[in-house]
Structures are given as C-alpha cells and as structure tokens.
Amino acid sequence: MYGDTQTNSDPARFARRIRAHALRMVSAAKASHIGSCLSMADILSVLFTRILLLDPESPRDLDRDRFVLSKGHAAAILYAALAEVGFFPVAMLDEFCKDGSALTGHVSHGVPGVEVSTGSLGHGLSISAGMALAAKTDRRPTRVFCLLSDGECDEGSIWEAALFAPHHKLDNLVAIIDYNKIQSFGRVSDVLDLSPFADKWRAFGWHTLEIDGHDLAAIERVLTAVPESAGRPTALVAHTIKGQGVSFMEDRLEWHYKSPSPEQLADALAEVGES
Ligand SMILES: Cc1ncc(C[n+]2csc(CCOP(=O)(O)OP(=O)(O)O)c2C)c(N)n1
C-alpha cells in the first residue's frame, strides 16, 4: 500500500518519492526497467514540480503544456509522478501491471494525465513535434516537453523529427535526452555510438545544451529559460546514470531487465530514504 498523495513543490522530496514508488511497483509486479526509471527521476521531478503547466482538475485544457515520455518502457515512474501531482490516487499505483489494470507496463493513454501511449521506441519526438506545430498554428501558449532515451536515438524516426522541428521553427518544443549511456543489451558506445551526441543535435539546428541530469537546480535553471533561442527547438542532453540513487543498481546493465527481490527492495528503499 502506498502513502497518501503528497503534492509538493520540493523537487528533491518529489524525486525520492517517485523513486520509492517505482521501486515498489516494479518489485511487486516483478517487472523490468527500474534502471531506466531511476535515471530520469530527477528530470521528471523538476518537470512536474516546477515547469509543466498542468491542472489535474482540467486535464484537457487546450492551453496546457504537454509531456510525452517517448521511452515508454519507464512507465512506472511516470505513473508515480502523475499520482503525486494528483491525476489519480497514489493507492492506485498498487495496480501496476496487474491483470485488467489501466496501469500497463508501457505507457498507456488510458491512465489519467498521459498524453499518448508509448513503448514502441522512436515515435515520441515526431508526435511531440506535431503537437508543437499544432500549438503554433492555433496560436496557443502550449509548450511540449519530450523525454527520450539514448538507445532510442538509434532509430531513424528520431532524426526525421530532429530535421522537422527546426525547419518549422518549433521553439515551443523541448527534447530532453536521458543520456545514461546504457541500453537493453549493452553500452550505447558499443551497440551504436552516438557521440559526439550534442554536436549532432546542433548540426540539425537545435539550440542544444548539456547538463548533469541529476542536478535539480541545473535542470530547473535550463528548463525555466526555454526557449532561450527564438525560432529554434531546444535539445537538452542530460548526462545521467542508469539506476541512479540505488548504489547496487547504478550503471549496471542487468537492472534494465532485473526486478528487485523483497530484500533488494528493502535495501533500495533505505538508500532512497523515502518510505
Ligand atoms: C521499436 C522498439 N524496439 C525495441 C524495443 C525494446 N526495447 C525496450 S527498452 C529498449 C532499449 C532501452 O535502452 P534506451 O533506449 O537507452 O533506454 P534506457 O532504458 O536506457 O533509458 C529496447 C530496445 C522497443 N520498446 N521498441
């Protein structure tokens, strides 16, 4: 059973809470992708506590910001964040991956607050670019934030969207890449190297910044300043650590698929420091 909803504006506490929720959810469901969840926890936390203009009471407001989790396999921690900000009761997280539950193992738009179903990698940025273009066309203040994974950028469809967005001057679009350097079966540099990664986004015409994806203040500073460059979309290459926050999971390939045992869960929760 999870605690009560505790929406608050402290990104550090929010990050601890969503890490703890995701650990419990994945462990109870014997599901994969905890490393993928933990690497993006701090980015998600800043987005949901400080940046995104969303109202759970009015989830279809046409002027709302949009958040698209392109790396839809990390569903657990997105659901945790949505519950924490009040889109649905935190207790519902208990249903993650259970038969008949809306909270499927890859992101589903059947879950309140989710904009689009994802999980088949490579589509989120194109969808986000379409949303950003529609907002521009309709003269709405909407900003679109798309969170991608690095291995996902092996897919050609990402680079089609990367071409499209600067061409259409989508300065209301932000791509955040969770650059944790590990994909499902190996290191990104071994499977299909992306470096020099930031230079590639720059070459495609994006206003590109590199940050420490676990530095809450730095993430907030950069995301608050968007768009820094009028007429250009922003790419934020966020250097992260897969499994961050749980020492025995950090930068370890096996935690892409492994699920924590009850003993490992207890150790992990103690490290995260939020029960
Ligand atoms: C189109 C597609 N191909 C393959 C998969 C299977 N798959 C799930 S996660 C993953 C890669 C994970 O690595 P990365 O994209 O770097 O994300 P991370 O978990 O490290 O954030 C793959 C290939 C998928 N979900 N979609």
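In the predicted model, L170 has a relative accessible area of 0% and is therefore buried. This residue is placed in the loop that runs between α6 (156–167) and β3 (173–179). Beyond its neighbours within four places in sequence, L170 makes contact with A129, A132, L133, K136, F164, A165, G231, R232 and P233.

R187 occupies the loop between β3 and α7 (188–191). With a relative accessible area of 34%, R187 is partly exposed. R187 and D251 are 64 residues apart in sequence, with a C-alpha to C-alpha distance of 9.7 Å. The charged end of K181, in turn, sits over the ring of Y179, 4.2 Å from the ring centre.

Across the whole structure, 9 aromatic pairs are found. The pair of Y79 and F96 is edge-to-face, because the ring centres are 6.1 Å apart and the planes stand at 70°. Y79 belongs to helix α4 (residues 75–84) and F96 to the loop between α4 and α5 (124–137), so that the pair ties together parts 17 residues apart in sequence. Both Y79 and F96 are buried. F248 and W255 also form an edge-to-face pair, at 5.9 Å centre to centre and with 65° between the planes. Of these residues, F248 is partly exposed at 24% relative accessibility, whereas W255 is buried at 3%. Finally, ring pairs join W159, Y179, F197, W201, F204 and W206 into a cluster.

Definitions and conventions:
Residues are numbered from 1 along each chain as its sequence is written. This is a predicted model: local features need pLDDT of at least 70, side-chain atom pairs count only at pLDDT 80 or more; totals for chains, interfaces and linings use all residues. Side-chain values use heavy atoms; hydrogens and water are left out. Helices (H or I, at least four residues) and strands (E, at least two) are DSSP runs, numbered from the N terminus. Buried means under 20% relative accessible area, exposed over 50%, partly exposed in between (1.4 Å probe, protein chains only). Contact means heavy atoms within 4.5 Å. Rings of Phe, Tyr and Trp (its six-membered ring) pair if their centres lie within 6.5 Å; planes under 30 degrees apart count as stacked, over 60 as edge-to-face and the rest as tilted. A charge sits over a ring if NZ of Lys or CZ of Arg is within 6 Å of the ring centre and within 35 degrees of the ring normal.
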